[in-house]
Every structure is written in C-alpha cells, then in structure tokens.
Amino acid sequence: MQRYIVVRFLQSILALWVMSLIVFCLARVTGNPLDVLLPMEAGPEEYERIAKHWGLDKPWFIPQDWSQPFDTQYATFMGKALRGDFGNSLKWQGYTAMNLVLQRLPATLELAGIALAISVVLALPIGVLSAALKDTAFDNGGKLIALLGQSLPSFWLAIMLMWIFAVILGWLPTSGRGGLTHMILPAISLGWFQVAALMRLVRSAMLDVLDSEFVKLARVKGLAEWKVVWKHCLRNAAIAPLTYFSITAGVLLTGSVVIESVFAWPGTGLLAVDAVRARDFQVVQAIVIVFAAVFILTNLLVDILYAYLDPRIRYQ
Amino acid sequence: MQTWGKLAVRWGILGVVGLIITVLWTSLAQAKIQRLKIAVAPLGWDTNITWLQSRSGMLDKRPALEYLIGIDRQTGAYVPQLAETWEMAPDGRSWKLTLRKGVMFHENWGVFSAKDVRHAIFLITQPESVQTDAGLWRTLMGIKKTDSIEEGAKKVEQHVEIVDDHTVIIHTELVAPELVDTLSAKNDLVMESKARWDAGGKELYVQKVVGTGPFEFVERKVGAHVLYKRVANHWRQTPEVEELEFRWVPEGVTRLATLIAGEVHIADVDRALQQDAVAKGMQIVPSTQTAFAHEWLFGGMYFATPDKLKAKAPFMDKRVRQAMNMAINRQAVADAILGGKTQPMRVTRFHPQEDPALWPEIYNPDWDRQYEALYGYNPDKAKALLQEAGYGAGFEFTLYLYTLPGLPEILDIGQALALDWEAVGLSPKLVEIEFTRVREQYRTKSIHGSVWALRGSPNALNLLRIFNKAADSVVYAYEHPYIEERLAQLGTVVDMKERARLLREIGDHKFFEFADMPMFWLHAEAGVNPKFIAEYTFPGSITGFFTHLEYVKLTP
C-alpha cells in the first residue's frame, strides 16, 4: 500500500511538471498580452518599453546569449514557480498571481463545497431508493429529476432561478458574495447537473448490485432490507459513483466559470476567464497549476479510497 | 349570537388585512439610501495604481481623485477644478497654471500644491506607466525610451517649473495648444500626493487610492467591489450619500436583475435589455454629451508607405470605397440595432459640436450638405460605381467580427453591413475573431483586404495621430502624404484658427476620398432606479461614463 501511494505521488509530480510546460506554451501561443493590456493609443515605443519591463522581450526557451543560459521566459517562470512565486499579475497590477488565486479560492471552495454537498445529499438517497423501488412512482420521479438536471443548461437555470427568487419574489439576493443567502441560488445552479448525473450513476450501480447472488443470500439469511440496501449493496456499488465524484469535485472547482459569471461570484473560475481574456500569463499559469494540483490530489485520494474499498486493488 | 359571531369574524379579517397593508406600506416606503451602489461590467483593470492601467480603468478611482481641469456635467465644457486658471504662452510651448489653495488630500496627506502637479507628471511618465497618455507626456517632457526612471524624473523636474506653491509652468518639447484637454478630466493626469509617495512610494499607492475628490477610498475587494465614503464639507461638492460602491457584475442580465431588485441604484444596462428595464419601471438616462463614435475601416490604406501598399487591391480605388459607403443602409442599422438613438457621423471622429470647442471652424458644413449625395444609401449608385471601377462582378473581402466594450452590437452591425454589401454584388467573408488579433494586424500594417470596426471618443486631432499617421503611430488605418504634410505642420503651428484650418483640410480629404466608413455618434446611457435616484446627470464624454457621482440627487 505504501509503495502504491509513493508511485502515485511521483506520477502526480511528473503530471504537474508536464502541465506547467503545456500551460506555459499555450498561454503564449494565444498572442501578445500587450495587445490586450496596452491602451489603443500606445505606439511602437510603448510596446517596446513595456515588453522589456514585463520580460516579454526574452525568448521562451532558447537563450539569445548562451553566457546567460537562464535568461529565458521559461527559466524565469520555473525558477520562481519552484519557490511558489508565479510572478506579478499583468492585469491586476499590484498583486502577485498566486496571491490573487489564493484570495479568490475560498469563494470557489465555498460554492463548490455546498454544490457538492447538495449533489451528494440529494443524489445518493434518491439514486439508492430509485433502484430499490424500481419502476414505482418514486423511481419515475427520480428519472424526471435526472432528465431535467441533465438537459437544462446551467446558465439558463441560473438566470431563471435569479429572476424568480430574487427579482420577482425578492426572497434571495441576485448576485455577489455575502452570507448564506447569497450561496443558495449559485450552489443549486452549480449542483443541479451533478445531482442528476450522480443519481443516475448510483441508481444503475445499485441495480447491478441488487441483482447479485450475495444480496439474494443476505435476504435469504433474513437480514433487514434496509441493512441489505444501505450497508451491503451501497458499499459494493460505490466504486463507479466514487470515480464520478472525484471528477465532479474537480469539475465543480474549475468548471464554475459560467455560474460565477452569472452570479458575479468572485471565485477562481471568473478569475481564470478574466486572466485568459487579458492574456495575463502569470495568473493563467498560477490558476492552471493550482487547478491541476487540485485534480491530481483528488484523483490520488480517490485512488487510495479505491484501494481501501476494493482489496483486489490493494493487493495488486 | 350567530350575528355577533359573523361580525367578529368580519372585523377580524378586516383587522388582519389592515395589518398586512400597514406592514407592506411601511416596508415599501423606501428610506433614503445611505450607500449608492453602481453595477458595472468589470473593467480591464482592477487596481489602485493609476499609472498601471489605461484610461478606462480610471472609472473606479475617479470618485477619490481630481484633475487640474474639470468637465462640466451639463455642457461638457472645461471648468476649473484644482487649477483655477490656465494660460498658454504665445510660443505654445508652455502653460502657466494657477492652483486652487487650501485643498486637502484625504487621510491628512497635506495640502495640494505645485509639487503634486510635478509628481503627477512623474508618475505618468515613469518607465512602467501604461496609461493612455503616457506616450504623449513622455514626448512632451522629452523622455526617451532608453531613459531610466531617474533620468525621466530629472526631465520632468526641468520641464515642470514650480514658481510658488500655487503656480506652476509646464514647458513642453513640442507646441501643445491642446494641453487644456490633456490636463482635463477627459484624460489621465490625476493629482496624487507627493508627500505620500515620499513616505512609502509604490507600496503605499498599491494599498489605497488617495486624492482630493469628494469620496474617500475605503476598500477594494478584487473581482467584487470598490467602496468609498463621502468627504464631509468637500471644497467642491459634498455628496448626498454617505457611501459609494462600484460592484462588478459581468453579465448584462444580472446587472439588470440587480437594478430591478433594488440591490443597486445605477447600472450599466445593455442596449438590448433597455426596453425590459423601462418596462419594469427603470429609467434609461442618456449622457448630456456624445460619448463615442463608431466607424468601419478599410484595411491596407497605406498610401504614405509605398512598400506596404498593394496597389491593385480593390479598396485602393476611391470609387469602390464610395460604393461600399453608399451600399450601407445606416438608418436601418441605427433603427434596428441601436434603437434609433444615434447621431450621424460625417467624417470619422470630427464632431460638429465638441471639436469646435477647441478648434473653431474645424467643422465643414459642406460635409453635412453633401453627405446624402456622396454617402447616402443608394444601392443602384453603388453598383454603378463598382461597375465603373471594374468590379461589376464584385470581389471577395474579409469582414472581421468581434465585440468591443460599450458596443457589443458591433457583431450585429457587421452582419447587417455584410447583407448590404452582398446586395450590391460584393462577397464579404465573415470571420469571427478576437479583437486583439485584429489589433496585431493593423498595428503591423498587415490588415490588407479586410474591413474592421472601432469605437472611440471624439477628438479629431487625437484620431488623426492614432489612425492616420504613417509612422510611430498606432492604428495605421488610412495614411496619405496629404495628411502627413498637415500633421507635420500641426507640430509647429500654434494659432488655433490655423490649426483648425489644417484639421479641416484633412477632414475634407478624408471626406472626399472616402477614407473610411463613418457610422454614428452615440451617447452613453445609465440605467437608474427612480425609487432611489431622483437625478443623475453625467457628460458621457469622459471614458468610463459613470462620473460626477457626487452630484447624484436622491429620491426623498
């Protein structure tokens, strides 16, 4: 088990490095940040001056002067990144890139956490009960929720919820970050799709397990039905939803761009979009590395959980 | 007994209804707001540093800052602000300013004086400055691109002469008869405290915006809002509201929702949503002055740079340019896409009212008189012109589509123009593209055979320097030796009438050569919730539009 964790950890570090290389190149391929950030009135002299000031005049990888082999953009980036410094933001002047990401991360974590909680709290029981009560009114209701959840675009749902509950009824605030009331609409909009997807997955996994021989045996032995369903079946059906849960956690953290934009929620999703639009290399790099780290860490944890849940993985 | 019972029930119901009405009434009766909240789309910048952003980024700092010369919110005229008087020397190379006495910086950073003016020019010219006017000020101060921050500071010291605490003379390397505009709130030279810089430099400036304005900075939550509180007994105008908040709301629908729900009191409402806003009882308040112009440009008009010119390209032919202008149904575009709220533009960025304030007689009334005959919608004449030019069978060209802040309708306008041009036999190829890609092309003079759109503020001379100068310029839209000659003269001529004549000659050239496709002048518009706001008047001629917030009158 220890060797398994060490190997997975080393693989994660390698994945992070590859990710840094990809994001470094892709950010620069999109074009020159000066074309976004300099005013329309800026002439060639301003371009030259600011490019030099921001280090954008240096080559990407191959130094112009081999007596200074580290005088490249990538060497500068990696040298600083290894110390946790992703440089100063070009768009948000006066802030470091990592500082901005860390400032905005709590808002995203807060929103994603609640959305995730909503999706698990709703999807798990509905999925389990739908499977246990297959083809009943409850199951049909569950299927309808799944259908609506997966077919309603999240931005549309978000706008509808906002107009109904904030503008027409006036029960909740329209947008922005504040207390608990500010979180309700964005969290529902964000979690709605995941509820449907996770519920479908739990239902189908449970249906497979409910049909297994060991379940029949448990019932024959006279075990209480709730114990059969909630203890024995759910644990055996957990692998597929768990895999999806790890993806969901990552998606909710990084994929809240639309919802953050609609609800003016100052999280990292919105930050990422703004940084990409402004070609703010530093912030884009910092965000992608943080997101990648979150994804990799989540996957690592899920892999370890697999090993815990399934002894066959543990003993491989 | 039964009757008594019924009566009791009736009175009970009446009482409950009365109670509900009272509660509703008291809750509906709005108390005067304490914090004025404004929802706007996020700016390109979110920083407290005034020189590390372009002009549009000033919107959220203007409440705390003041300029030497202000802009009247009703008339758009230059009015004294921190400078009481300004006067140009006969040679046009120096301006004497008398400064207002006794104006205090926020947080007790001392009294505003001449050294702060010099400091403001130092800030905008330092090497890292990206402010819109940074290049202009560096040129005026004689600062070269190789100059260090210390060398630059020394040049500023030499050029900005402090006569006494309240008199300053700005000497410039070139004639600068329009410096009044450069010093005004339409542009970038904000007054910040030299004492504060001496105390903590950039580190201190990063933390707060400190000026002499009617609002004092409280906090900035990056990506969320900026908050100010009012300055009691401000020398110019003490705001009625105690606090002011700019809230960043990226989506137009959400901004409208926040306005209708009463969470904000003024909002930037997209034109497409304005009818919905009005239907919900909101008001759309237009600026008192023209806010910006919209034009379409021909690519590759490099008549003053022969090695960049593709002489056989269709746009080189003046008849083709006229035909493309005459094929456009401007009225239909204005009515269908811009709600009819436009003013026609005859020559790109030559404004009939605003430019004459600087250069009397710059505007040629012939442009108005001859516009219909030369530019008016006439597809038959357009086809005939194309035939005459040898393009009866049409030709293919690229039409770039992208959005620009303040005018998202450019996409729709572009599509409408494409239909108009197809109707006269041309074949526009619509290409959706990020604006920055187009910017790369025009600033490197490689945008041949394409048409593209821009928007911007009025000022004929600025436009000519940016769009129509052949070297050391920015946009390189239409250049010509005739314009070059006159721009060179404008670098030495001081007399405003003579300058107006030169500018008008350039305007004539552009008008009769069909240099580009002028479209409209537009006003800025603010969505206002009348439950809270009784009056909001803003000129619109200042970039960012939501200015003069200290004069907002609340609904009693």
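This is a short talk on a two-chain complex, chain A and chain B, as given in a predicted model.

Confidence comes before anything else. The predictor gives the complex an ipTM of 0.81. The pTM is 0.85. For chain B, the mean pLDDT is 92. In that chain, 94% of the residues reach 70 or more. Please keep one caution in mind. Where pLDDT is low, the predicted coordinates should not be read in detail.

Let's take chain A. The domain assignment gives domain 1, residues 2-81, and domain 2, residues 100-314. Their C-alpha centres lie 34 Å apart. The two domains do touch: 19 residues of domain 1 of chain A and 15 residues of domain 2 of chain A take part in the contact. Which helices supply the domain 1 side of chain A? Helix 1, residues 2-29, and helix 2, residues 34-37, each supply at least two residues. Helix 1 of chain A gives the most, with 13 residues. By class, that side of domain 1 has 13 nonpolar, four polar and two charged residues.

Stay in chain A for a helix pair. Two packed helices are described by the angle between their axes and the distance between the axes. Here the pair is helix 5, residues 97-132, and helix 8, residues 180-210, of chain A. Their axes come within 6 Å. They cross at roughly 35 degrees. The crossing of helix 5 of chain A past helix 8 of chain A is right-handed. What sits in the contact, by class? There are 22 nonpolar residues, with five polar and two charged.

Now chain B. This chain is divided into three domains. Domain 1 is built from 33-64, 213-282 and 529-556. Domain 2 covers 66-203, and domain 3 covers 290-523. Between domain 2 and domain 3 of chain B, the C-alpha centres lie 34 Å apart. Eight residues of domain 2 contact eight residues of domain 3 in chain B. On the domain 2 side, the classes are three nonpolar, two polar and three charged.

Next, a sheet in chain B. Strands of a sheet pair through backbone hydrogen bonds, either parallel or antiparallel. This one is an open sheet of four strands, order 4-5-7-6, with antiparallel pairing. Which strands of chain B are at the edges? They are strand 4, residues 83-88, and strand 6, residues 160-164, and each pairs on one side only. From one strand to the next, the twist averages 20 degrees. Four bridges join strand 6 of chain B to strand 7, residues 167-171. Within that pairing, B:Glu161 stands opposite B:Ile169. A helix packs on the sheet as well: helix 2 of chain B, residues 114-125. Helix 2 touches strand 5, strand 6 and strand 7 of chain B. Its direction makes about 170 degrees with that of strand 6.

Last, the interface between the chains. Here 44 residues of chain B are in contact with 46 residues of chain A. On the chain B side, helix 3 (134-141), strand 10 (243-248), helix 7 (252-260) and helix 14 (435-443) each supply at least two residues. Which element has the largest share of that side? Helix 7 of chain B, with five residues. By class, the chain B side has 19 nonpolar, 13 polar and twelve charged residues.

Methods: Residues numbered from 1 in each chain as written. Chains lettered and ligands numbered in written order. Predicted model: local features only at pLDDT ≥ 70, side-chain atom pairs only at ≥ 80, totals over all residues. Domains from an automatic or database assignment. Contact = placed C-beta atoms within 7 Å. Nonpolar A, V, L, I, M, F, W, Y, C, P; charged D, E, K, R; others polar. Axes fitted to C-alpha atoms, helices over the stretch in contact; angles between N-to-C directions. Left-handed = near helix turned anticlockwise from the far one by under 90°. pLDDT = per-residue confidence, 0-100. Pairing = 2+ DSSP bridges.
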